[in-house]
Amino acid sequence: MVDNTQGPKHVAIIMDGNGRWAQAQGKPRLFGHHAGAKRVKEIVRACPDHGVKYLTIFGFSTENWKRTQSEVAGLMSLFRTYIRAEMKALIREGVRVRFIGDRVRLDRKLAALMDELEAETVHNETTHLTIALNYGGRDEVARAVKEMALDVAAGNLDPDTVDETTLTRYLDTRLLPDPDLVIRTSGEARISNFLLWQSAYSEYEFIDTLWPDFTSDVFASCIERYAVRDRRFGAVKA
Ligand code: IPE
Ligand code: IPE
Ligand code: MG
């Protein structure tokens, strides 16, 4: 049993609704993505106030390549701009940044900036911010299984010993606890391939707010509701 009255230690967010937010104002979708990036800053800063040690955010999915070339290029450029603009503040504020997802398909300039931000913040420990870029839960499991198979073939892993913990060690999230709370904004009630393995027992909040309107007050209200939930993990309450 988990004492969730203390609040969630790890919150994961599917930041959805940027496009609709922009379109409602007659603006291009990228305008919404820029507004969404501003909210990320606010929410990262709010984490320590709520005892949230780990924040994981979904920035770009393995399925988002299906969007128009101009939206994809705009998003990639926004990720580069965000990393450049925020690097100093993240270092100063004690945020440790990690990226999950498959980097192979990302452009080299972006991948280099991701490496740099991870290296520059490696000693920070106030908040662990994980950004999912070109991330898909199924892709992550498939890559993990491939690595595991290579270790078996090389004689470094005995297949008889493989269990849930073994697979967990091969995932991109190997250094993170499972999320306690997963929030999805924009009114869609689906997980869109996010943290499939890790969220097996997470609490979910599907809220109507569009991501660019997700203020630290909305975040606080999600955390308040989490504290009164009854997490049983399959057991019967004593
Ligand atoms: C979420 O907002 C951001 C990304 C997926 C990159 P969307 O771009 O999905 O916005 P909607 O869902 O179309 O409104
Ligand atoms: C999920 O949002 C991915 C991110 C937030 C990065 P989508 O907008 O891509 O999900 P679908 O298409 O509505 O399932
Ligand atoms: Mg969407």
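Helix H1 gives the largest share of the shell around ligand 1, with three residues. The model is a predicted one. Three elements each supply two or more residues to this shell: helix H1 (18-23), helix H2 (29-46) and helix H3 (69-92). By residue class, the shell around ligand 1 holds six polar, five charged and two nonpolar residues.

Ligand 1 has 13 residues around it. Those that come nearest are Asp16, Gly19, Arg20, Arg29 and Arg67. For Arg20, a side-chain N or O atom lies 2.7 Å from an oxygen atom of ligand 1. For Arg67, the separation between a side-chain N or O atom and an oxygen atom of the ligand is 2.7 Å. For Arg29, a polar side-chain atom is 2.9 Å from an oxygen atom of ligand 1. On its own, ligand 1 has 370 Å² of accessible area, and the protein covers 87% of that. The site of ligand 1 is the largest pocket.

A further set of values concerns Ala227. This residue belongs to helix H7, which spans residues 216-227. With neighbours within four places in sequence set aside, Ala227 is in contact with Asn4 and Thr5.

Definitions and conventions: Residues numbered from 1 in each chain as written. Chains lettered and ligands numbered in written order. Predicted model: local features only at pLDDT ≥ 70, side-chain atom pairs only at ≥ 80, totals over all residues. Heavy atoms only, no water. Near = heavy atom within 4 Å. Polar contact = N/O pair within 3.5 Å; in protein donor to acceptor, adjacent residues only side chain to side chain. Areas by Shrake-Rupley, 256 points an atom, 1.4 Å probe, with all protein chains shown as cover. 1 Å grid on protein atoms, 1.4 Å probe; cavity = no way out; pocket = protein on both sides within 12 Å on 5 of 7 lines; lining within 4 Å. Sits in = over half its atoms within 2 Å of the grid points. Helix = DSSP H or I, 4+ residues; strand = E, 2+ residues; numbered from the N terminus. Nonpolar A, V, L, I, M, F, W, Y, C, P; charged D, E, K, R; others polar. Contact = heavy atoms within 4.5 Å.
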